Amino acid sequence: MVTTDEKGPLTAKKKSVIIRSCDGDEFLVSESAAVLSTSLKKILEEKEDRLIHLSDIDNKTLAMVIAYLSTHADDGLSDDLKRSFDQEFVSGKEFDVLKYLVLATDTLQVTCLCYTVAKKMADIMKNKLVEWVRREFDIQNDYTPEAEAEIRRLDAWAWDDRQLEDD
Amino acid sequence: MGSFENLNVDAISNLPADVINNILARLSLRDAVRTSVLSREWRYKWTFIPEIVFGYEFGRAFLRKHIERIIDQVLSRHQIASSILLFCLSWRNCICTKFMGTGGVPNRFPDSFSSLIVVDLSMYLDSIVEVASFLCLIRSSPKLQMLRVTLCVYRIDGAVTELLRAQETPDRYLNQLRRVEIEVYTYADPLKEFARYVLACAARLEEMVIYDPKPRFSRGSLLNLTNELNRLPRASPSADLLVIKQDELTQQC
């Protein structure tokens, strides 16, 4: 058994855990919020440790994920409010921020948030010309012109560019 | 930023496969297929999307083309065709429109959907073109194992009932079909005729589940339907027939 003496005063709050980001920031999170992450839930089931170190999630991203978990663990909020929180949560975020978020949700196995963020990332790519996607995400086209033409020929139906956007 | 810096070859290419799948699955099929030319690394990423949805956009683009060939092309390139292949075609826009105003709906397509395992769609029993197109679609899918169909009706059309009744049974199609789920908003004759057709043809059928989603039909009418369908000849004598309410379906799964 872990006692409060060994672990310091923070563990005195029985239903909380401390999560530490890769850059050392610590967040106090209610256990009911933490267990919405399948990975954290497993860790908490396996050991009694109240301090979880996440070696590949930075503090900004972790703060966002925790805000999400805490909101969704709040029984006082209606499903509608949670849904509008989700919308607000991803709106206006840069693709790069979304990318770290989606990676974090993948690591932490927060399925709902992973879907929400992936949906937002897909919305950014939706109806865009290939050239736009390459430019926006800095993807190097390493096809020869012949190889590219051949692939476009294979799925010719997907290349009607009339309704696509380039900005 | 975080410690995923090694991923910054470009903004997205090196994301873990399941994350990429998650993103691609939320694009339209057309947008997902188009990612194959981004770079060589992206060549096959779309082929691992867990389910393929032939949606509205897809349908709009192919009214006058060989839609069955295109669908089969897409399906045959898809990597996980044997596991979960969903065919949520907004098919009213694809297949039905193709036949509107033409000489009529053929018995089956000249080319078959040889990779199609699961068909999942909704159908209005009011429209004879729609019902005929649906029959054409399932007969053109020789490997079809699972059929999930939602049957709706506004106004019963005797011609639809006649069309279904006139289907030759047993015919040589539907012989891989194992499971049929029919979500019903009507117990009218077209439903019974459709069930009769499937029961008479599907020689390997294991289970047919007819369920009431609301639920709004009485226990008695469910029983009557069960009794009526139980009297029909079956190509697969061991097939189970269940007529149930939605909540019972959940319990069963």
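Two strands are taken to pair if DSSP finds at least two bridges between them. In this predicted model, three strands of chain A form an open sheet in the order S2-S1-S3, with mixed pairing. Strand S2 (26–30) and strand S3 (51–53) of chain A each have a single partner strand and stand at the edges, so one side of each is left without a neighbour in the sheet. On average, and with direction ignored, neighbouring strands of this sheet are turned by 25 degrees against each other. Strand S1 (residues 16–20) of chain A runs antiparallel to S2(A), to which five bridges join it, and Ile18(A) stands opposite Leu28(A) in S2(A). Helix H4 (residues 59–73) of chain A packs on the sheet, where it touches S1 and S2 of chain A, and its direction makes about 10 degrees with that of S2(A).

The whole structure holds seven aromatic pairs over all chains. One of them is the tilted pair of Tyr68(A) and Phe89(A), with 5.7 Å centre to centre and 55 degrees between the planes; the pair links helix H4 of chain A to helix H5 (residues 79–90) of chain A across 21 residues. Both Tyr68(A) and Phe89(A) are buried, and together with Phe85(A) they form one aromatic cluster. The charged end of Lys93(A) sits over the ring of Phe89(A), 4.8 Å from its centre.

With regard to confidence, chain A averages a pLDDT of 86, and 89% of the residues score at least 70. Over residues 1–13 of chain A, however, pLDDT stays under 50.

Definitions and conventions:
Residues are numbered from 1 along each chain as its sequence is written. Chains are lettered from A and ligands numbered from 1 in the order in which they are written. This is a predicted model: local features need pLDDT of at least 70, side-chain atom pairs count only at pLDDT 80 or more; totals for chains, interfaces and linings use all residues. Side-chain values use heavy atoms; hydrogens and water are left out. Helices (H or I, at least four residues) and strands (E, at least two) are DSSP runs, numbered from the N terminus. Axes are lines fitted to C-alpha atoms, for helices over the stretch in contact, and angles run from 0 to 180 degrees between N-to-C directions. Contact means heavy atoms within 4.5 Å. pLDDT is the predictor's confidence in each residue, from 0 to 100. Rings of Phe, Tyr and Trp (its six-membered ring) pair if their centres lie within 6.5 Å; planes under 30 degrees apart count as stacked, over 60 as edge-to-face and the rest as tilted. Buried means under 20% relative accessible area, exposed over 50%, partly exposed in between (1.4 Å probe, protein chains only). A charge sits over a ring if NZ of Lys or CZ of Arg is within 6 Å of the ring centre and within 35 degrees of the ring normal.
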